[in-house]
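This report describes how the chains of one model touch each other. The sequence and structure come first, and the description follows.

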Amino acid sequence: MEIGLTHYLVISAILFSLGLYGIITRKHAIMVLMGLELVLNAANINFIAFARYGGMNIEGHIAAIFVIILAAAEAAIALAIVLNIYQNFRHVNIDEVDDLKG
Amino acid sequence: MMDISDLIKSISLFKPETTLIVTFMLAMILDMAFKKSKNIAGYIAIAGLVIAGIFLFQQTGVNYKAFANLLVIDSFGQFMKFIVLMSSLIIIVFSFFSNELHNAHTKLGEYYTLIIGMTFGMFLLVGSANLIMIYVAIETMSISSYVLAGYTREVKRASEASLKYVIFGAVSSGIMIYGISILFGLTGSLNLFEINQFLSVNNVATLPLLLSGLMILSGFGYKISAVPFHFWTPDVYEGAPVTITAYLSVASKAAGFAVLLRFFKTGLLDSVPGTSEAWQLLGNIDWHYVIAVLAVLTMTLGNLVAVWQTNMKRLLAYSSIAHAGYLLMAVSVMNDNGVSAVLIYFVFYMLMNLGAFFVVQLIANKLDSENIDEYNGLGYRSPVLAVCMTVFLISLAGLPPTSGFIGKLYVFSSVINSGYIWLAIIGVLNSVVSLYYYAKIIRNMYLRDVESAKTKLVFSPVTIAIVLMLAIPSLLFGVYFTPIVEWANYSMNIFVGN
Amino acid sequence: MDLITIAFYFFSALTIVFGAVVVFTKNIMHAAFSLLFAFFGIAGLYVLLSADFLAITQIMIYIGGILVLIIFGVMLTTRITGVDVKTGKIGKIQIGIAGLLTVLIAATLIMIFSTSKWYLADSKPLDSTVNEIGTALLTNYLLAFEAASMLLLIAIVGAAFIARKKH
């Protein structure tokens, strides 16, 4: 069977679900961020695959580029915040950072 | 492809945002230049916001698709931008009087700079008509707000707030971009106008459209803290500096609702004209019910959980979730009356919610606590403040003769006019529940600790004047509300082109 | 099987297997390095989709930038020599629910993806996408491009502020 759009979409679906699983089950903040990167990459595979099979639509490539840019900015901010948490709590496990409750 | 005359016109219509960018740079540079002056960046921010406001005012009556359809300039956007602008101004003024911020830092340069950056992001979000532009704008405002939420970074609860905010925010925007990618696959375009055209000509499979719509909603729902995307709200509102909490509860919600309305009207509405009728939606999905269910969940959860809260910031956080539910009710009817109701509600919501948060900030300045018991006997310890707080709370509860009542009146009448009686009944029941916890604070202020010999609380005349400047309009608009209603009716038409 | 098919299955296997390692391994350093291979596999898929510029961007920014950032984050917040490298996990029941949910989501997505009618058009792959992307970024997406630069400035100011040493 020739490789078509559906093949890429299935890879993207699996990657998205893996990312979500990581986000739900991980306690370590950086591990959650890694799961998030998988989700963003799954979205990018969709964009590029749809662009390729939708008449080489360059908009999909533009979207993917912006996703990569914003992922970098978000990762920088998130890691700065995680470092700050580490200085205050001496660990970065999300479920143990729970002074706020009610 | 964009031609040069379009570009020149677009740039001339981009003046408010350009002003904000220049302000951002100036505030940053001058803050470094004048090391002694603590609030210099704040003064520059105020000046920049005022100039941006003047440019924004000049755009009255303009309807234009700028930057090759990336951005729409219309009166709806103008209205929402004014809400964002006003709340940014008010928040910067609040920040001058915040002990919490001034104790943590000797200088607040980055603080005011990032508020301007966030305002810029919200201005973009309000006008965006392209899914990628929406994503960029949401991230611009989010990234500034993540930092602002943890601005007092040595305080444990503030750093915790920013961690929760960034994790939940990043996840919800990740899910949103996945939804956008599916919508792109269905329609072959990222532009809301083109998506609209494609949907009105072609028959699109229902299931993927529903899925992508829900995923995109998770990004918007996060910004307006709608259930089930609200998890972050109480923790972030409690942990963040109170000025930022107030800011998130008004400005960020306004931008979220603006993009939600524009997404539905520009992207999913059948372009057959029918102004006061319910919008005809494309693609076989009844989005009315999806939004109505979200509205019911949001206001019910917000109100029920708020009843148990003992921390004022947390209580107001749940109350703001509930208010998002009322607003979603007006969105769910999806006609121009609903849009107008959202606009009217936001003006009043801005006044009363910012006012309530400012009182919380002033009390926390003096007593270093946000516990609800600290308000015992406030009616005798600081009569003026207590009266103002009572006005804000009555207004939030939506009782006459305050402006909150008028706002609720328009929301409910738009819902009833569209025939969603059941939704209106649930809304009214919710308002009754909300009365309980707002009244609890008023009771604490006037009926508790009446005899106690607690010292009087003295506030500086300037702060009292600011509180009055928010409380008097809250009352006044309850009686004389025609100008706001007329302005909202003028602005309710979201520009969809031609 | 032709070369394209073999390459597709190789890169997808690389992506999925190492993606799975990222979310299942207990060792955070293993997760970070598996992410590298997953990103590399995705870059390979981009090449197969004739997105040459994106493939290079993926390698340069994701692997060269974001991943290095993440590894720095790991090293600054975990005691590598101690037992802390192994990160905690939540209870068995929650894992079960999360796993079930994930399988459900994956099944739904695959079902929708394989049955839906997508926007399709005939296309011949371009020799290079760089030209098209550059033109689009500076015409139709000019505003998004400029807004992104503003966003990066905000991110730099914010990150520098938050991570700065205490005084």
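## Chain B and chain C

How many residues of chain B are in contact with chain C, and how many of chain C take part? The contact joins 33 residues of chain B to 21 residues of chain C; two residues count as in contact if their C-beta atoms, placed from the backbone, lie within 7 Å. This is a predicted model, in which local features need pLDDT of at least 70 and side-chain atom pairs count only at pLDDT 80 or more, while totals for chains, interfaces and linings use all residues. Residues are numbered from 1 along each chain as its sequence is written, and chains are lettered from A and ligands numbered from 1 in the order in which they are written.

On the side of chain B that touches chain C, two or more residues come from each of helix 6 (109-127), helix 7 (131-149), helix 8 (156-187) and helix 10 (206-223) of chain B. Helices here are DSSP runs (H or I, at least four residues), numbered from the N terminus. Helix 7 of chain B gives the most, nine residues. By class, this side of chain B has 21 nonpolar, eight polar and four charged residues. Ala, Val, Leu, Ile, Met, Phe, Trp, Tyr, Cys and Pro count as nonpolar, Asp, Glu, Lys and Arg as charged, and the others, Gly among them, as polar.

## Chain A and chain C

Five residues from domain 1 of chain C and five from domain 2 of chain C make the contact.

## The largest nonpolar core

The largest nonpolar core has 294 residues; among the members that touch the most others are Phe66(A), Ile77(A) and Val342(B). Such a core is a set of buried Ala, Val, Leu, Ile, Met, Phe, Trp, Tyr and Cys residues joined through C-beta atoms within 7 Å, where buried means that 20 or more other C-beta atoms lie within 10 Å of a residue's own. Helix 15 (residues 336-367) of chain B gives the most to this core, 22 residues. Domain 1 and domain 2 of chain C both give residues to this core, so the core lies between them.

Leaving aside neighbours within four places in sequence, Ile77(A) is in contact with residues including Ile143(B), Tyr146(B) and Ala155(C).

How values were computed. Buried ≥ 20, exposed ≤ 12 C-beta atoms within 10 Å, placed from the backbone. Domains from an automatic or database assignment.
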